[in-house]
Amino acid sequence: MPLPKRTIAASFLPDRYRYYYSLSKLAMDPLYEAVPGAFDEDAEPLLDLGCGIGLLLHCLRASGRKVPYVGVDTDAAKIAAARVASTRGGHDNADFQVCDLSEQFPKHQGSVALLDVLQYLPHQAQGTLLSQAAQCVSKRGQLVIRTGLADGTWRSAMTRATDRFGHLVGWMKTSFKAQPSAQELRATLHRHGLHAEFKPLWGRTPFNNWLVLARRPAQG
Ligand SMILES: C[S@@+](CC[C@H](N)C(=O)[O-])C[C@H]1O[C@@H](n2cnc3c(N)ncnc32)[C@H](O)[C@@H]1O
């Protein structure tokens, strides 16, 4: 079933900027249709790292996923907007906290989402954050990552340029730092016992966006 885009965006009213931002993101970015489908209906509690205004929560609930949800982000204004919209959307079992992931990491066991966040951290901090996220993944949980990848393609260059532009014009408070490579991601996840599957997720956009689904292999 398609996402109720206007209903979700309306949770951000009367802030018209966030209304149109949400509507256009939900309409153009394949991320929000793809990620809820990655979770079972009885999935593990979810920690959404760098949750922004919490669009993922609305998409999960609209897709029938009632998992306990905690979203964290360093941007206090986005967290405030996320809380208000979550209440307006009538969503239970959801919490939002301000947290700078380069300084602290919330305690969690279950599943983790890390959507379009890695590029705002320096290379070494990306590895640290990935390791912390991987350690939270329970036996039945999973780590869902969306990221651009450094692979020398024109899409990769376009993604970097757009992330830099987004900071210059003020869409993003944090500036672009680095793109990880698929090899680095796979190796870090493997070190923490996770098997990762990579799928392209650029839809009709020109970006080099990939969805990475990482799980603990079933014990034979
Ligand atoms: C492109 S947005 C993605 C938002 C959300 N994950 C989504 O896909 O709708 C990136 C988010 O990462 C957050 N972020 C960047 N650096 C962070 C840090 N050090 N700690 C926590 N959040 C961070 C930003 O504030 C921003 O909300």
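Helices (H or I, at least four residues) and strands (E, at least two) are DSSP runs, numbered from the N terminus. The model is a predicted one, in which local features need pLDDT of at least 70 and side-chain atom pairs count only at pLDDT 80 or more, while totals for chains, interfaces and linings use all residues. Residues are numbered from 1 along each chain as its sequence is written, and side-chain values use heavy atoms, with hydrogens and water left out.

We can begin with the loop between helix 1 (5-10) and helix 2, where Pro-14 is found; the peptide bond that leads from Leu-13 to Pro-14 is cis, with omega near 15 degrees. Helix 2 itself covers residues 16-28 and holds both Tyr-17 and Tyr-21, which are 4 residues apart, or about one turn of the helix.

Rings of Phe, Tyr and Trp (its six-membered ring) pair if their centres lie within 6.5 Å, and planes under 30 degrees apart count as stacked, over 60 as edge-to-face and the rest as tilted. The count by this rule is 4 aromatic pairs. Tyr-17 and Tyr-21 form a stacked pair, with 6.4 Å from centre to centre and 25 degrees between the planes.

A polar side-chain atom of Asp-73 lies 2.6 Å from an oxygen atom of the ligand, whereas a backbone N or O atom of Gly-50 lies 2.7 Å from a ligand nitrogen atom. A polar backbone atom of Leu-101 is 2.9 Å from a nitrogen atom of the ligand.

Conventions
Polar contact = N/O pair within 3.5 Å; in protein donor to acceptor, adjacent residues only side chain to side chain.
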